[in-house]
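User: Please examine the structure shown here and work through its architecture with me, one question at a time.

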Amino acid sequence: MSEVVYRESADRAWAQRLPHAPARYAAGVLALAGLYYAGAKTGYLLEFSGPVAAIVWLPVGVGIAFLYLGGIAYWPGVLIGDLLANNYMVLPLGSALGQTCGNVLEVLISTMLLRRLVRHGSPLGSVRGVGAIAVSIAAGAAVSATVGATSLLSGGVIDFGALPTVWRTWWLGDASGALLVVPLALAWYAPLPKGWTRARWLEAGALLLGVVGLADFASRSTTPIAYVVFPVLIWAALRFGQRGATLAVAVTAIFTVWNVTHYVGPFHVNSITRSVLTTQLFIAVAALTTLSLAAAVTERERFAMRLGASRLRLISASDNARRRIEHDLHDGAQLRLTWLAQRLHDSAGTAHREPDRASELLKEAEGELQLAIDELRELAHGIHPAVLVDLGLAEALKSLALRSSIPVKLVELPSSRLDSGAETVGYYVVAEAIANAQKYSGASLIQVRAAAARGMLRLEIADDGVGGAVEHSGSGLEGLRDRAEASGGIMELVSPPGGGTRVEVAIPA
Amino acid sequence: MIRVVLGEDSFLAREGITRVLDSIDDIDLVAACGDLDELRSTVDEVKPDVVLTDIRMPPTNTDEGIRFAGELRHSLPEVGVVVLSQHAEPGYAMSLFEDGSSQRAYLLKERIKDKDELERALREVADGRSLVDPRIVDKLVSARLGDPGIEKLTPREREILALIAEGRSNASIAELLEITKRAVERHINGIFLKLELPEDGDVNRRVKATLVYLTGDGA
């Protein structure tokens, strides 16, 4: 499957960095202006002749995609491109400039809204993200349609009665144009995956043929069977993810618009406005459906990968725990007992020669034996704390607090017993967080809060140490998250450098 | 003569305890049982002065000893209980003292090698008093260093606080520290005042009060 992998931090850094070299910036602006202009010219090709707004207005999508991926600062490219693309022969200058203002605003609003709604990863990677794309584009298009239609009205290009139709056509045209281009650009922007097998290439070829054939056939046929393209769109989304979905939708849209503007196919009706409306709705519906499906597929794959990885980590965690127990037994109690056996052997000999000295040796041996007993007790407690099962989470946390080398303040404890599974998870979460704080935080106090309410056990472990904790692979914090999530809970880590570390976990109890 | 019934499922521990108790003249081990049901019926029948029991034994191997002590509080209130445990956890002692600490003792299992401690626990309980293993109290006190209440105490007062929590009587504290009973009382008044605990002449209630303070339950 062709999931688009965005490396979040790198991606974001590039998107937010202001262009530092003026030449580079100028090149970016010019490139955007050129792309925008080309998009507009392509749009004009796909239009009915006459003074009607475009069926799909592509440049808005070019603008949003460029600013989203490259940075908001390149916005003058949109302005230049739009000014170049205006047809000053048919429009009064005021209307043309008003329209351009609306278009620039539209691109800026949609881009900023999308950035605000989707803070992590690609918007195409989740159904929620696809929803965010739709909302951002719809909002931006509404601004452009309003400003544009008003400019045409005040320039006397249209009369007041035509305003609702122009507004609607404008809005749908901009929205469907953006819905085609923005996902296409986002999906194909990331580097291509390598290592396709022959079978995969063959399947991709067959899919492309299917899309082209069915899209052309459906948009040419005189019977209204536009829906026959959906099986291939679904195929594309299921098997080829975001790239497949966006490309298939784009191909379908091109054929549909081409044929309707050449007066054939199911969307061609006697009234041009109605032809435009049905075409726009078809494209918008096909795009949103296919993108949502592809997003759901991506989401599912991502969850499957995370689940697989966390299962592997759980297995290796249990292996590590066994290794540690072996090590503790071998280097601790076993060594002490060996030493003790030797001591007793010596004492036997000494008892024979100098009885006074022997009692001293035996006393020492007893002390050593007590240490071995203590070690074994701590080891047994570490393997599984009996107090947790016998007396519950509150007592077990008190016992943890007693063992900690950094003072632990138990701010709040559950007043009654909880589900035993939740108690166990809760205990290990706190134990792991305290162990982590002891190792890295340099804190002088750890505060622990455990409260059960409304079927949830909420835990908070906060220290006043150095902060800056990150969940890298194999860290205790990652194991902590695994534990919380494996039991259907959630975990949050707040650790600003210099500001202490706070771990919050909520698990069903 | 103190009549003792033993509840202990491990053969090794049973042998060890039997050997220790046999060496004490006025302690009579009347029966030894390997699980909770057997222990319950034997105690019902024999009505010993003290039950000496492991904390865990069949059927569930969790905290049978403590639960049985709770049962006895109602069924045979005159029978004392010494619980032997491998857990150095104050929580277990608190749960043993749930219905009052009189005639109850919580001792670490390794004490069975230590004839004096075991004997002292059995005698204290037979006399209606209570006892907590000093090692657990030490752990509690050292974990609470830094507590504002504990910080206010003098070293001598801390020492006496630990002895109170272990269940020692004023006379026994006086003897141990080689000071007068009067001085012990003065110290105890000072401690309770500083920790803002209600003053209590009753030794058993005061054991619980100090333990509650040390485990931080009152905070």
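The questions and answers below concern a predicted model.

User: How many helices and strands does chain B have, and what percentage of its residues is buried?

Analyst: Chain B contains eleven helices and six strands. Among its contacts with a separation of 6 or more, 65% are between residues 24 or more positions apart. Of the 219 residues in chain B, the buried share is 44%.

User: Why does the end-to-end distance of helix 3 of chain B agree with its number of residues?

Analyst: Helix 3 of chain B covers residues 64-75, which is twelve residues. The expected span is 1.5 Å times one less than the number of residues.

User: Which residues of helix 3 of chain B are buried, and what covers them?

Analyst: The buried positions of helix 3 of chain B are B:E64, B:G65, B:I66, B:F68, B:A69 and B:L72. Their cover in chain B includes helix 2 (36-46) and helix 4 (90-96), together with strand 1 (2-7), strand 3 (50-54), strand 4 (80-85) and strand 5 (104-108).

User: What does A:V430 touch, leaving aside residues up to four places away in sequence?

Analyst: A:V430 is among the residues with the most contacts to other members of the largest core. With residues up to four places away in sequence not counted, A:V430 touches A:L397, A:L400, A:V448, A:L459 and A:I461.

User: In what order do the five strands of the open sheet in chain A lie, and which are the edge strands?

Analyst: The pairing in this open sheet is mixed, and the order is 1-2-3-5-4. Neighbouring strands are turned by 15° against each other on average, direction ignored. Each edge strand pairs on one side only; these are strand 1 (408-412) and strand 4 (490-494) of chain A.

User: Which residue is the bridge partner of A:V494?

Analyst: Strand 4 of chain A runs antiparallel to strand 5 (residues 501-508) of chain A, and five bridges join them. The partner of A:V494 in strand 5 of chain A is A:R502.

User: At about what angle does helix 14 of chain A run to strand 3 of chain A?

Analyst: Helix 13 (residues 393-403) of chain A packs on the sheet, touching strand 1 and strand 2 (446-453) of chain A, and its direction makes about 155° with that of strand 1. Helix 14 of chain A lies across strand 1, strand 2, strand 3 (456-463) and strand 5 of chain A, and its angle to strand 3 is about 10°.

User: How do helix 7 and helix 10 of chain A cross, and in which hand?

Analyst: Two packed helices are described by the angle between their axes and the distance between the axes. The axes of helix 7 (residues 163-189) and helix 10 (residues 272-353) of chain A come within 9 Å and cross at roughly 35°. Helix 7 of chain A is mostly covered, with 19 of its 27 residues buried. The crossing of helix 7 past helix 10 of chain A is left-handed.

Terms used:
Residues numbered from 1 in each chain as written. Chains lettered and ligands numbered in written order. Predicted model: local features only at pLDDT ≥ 70, side-chain atom pairs only at ≥ 80, totals over all residues. Helix = DSSP H or I, 4+ residues; strand = E, 2+ residues; numbered from the N terminus. Buried ≥ 20, exposed ≤ 12 C-beta atoms within 10 Å, placed from the backbone. Contact = placed C-beta atoms within 7 Å. Core = buried A, V, L, I, M, F, W, Y, C linked by C-beta atoms within 7 Å. Pairing = 2+ DSSP bridges. Axes fitted to C-alpha atoms, helices over the stretch in contact; angles between N-to-C directions. Left-handed = near helix turned anticlockwise from the far one by under 90°.
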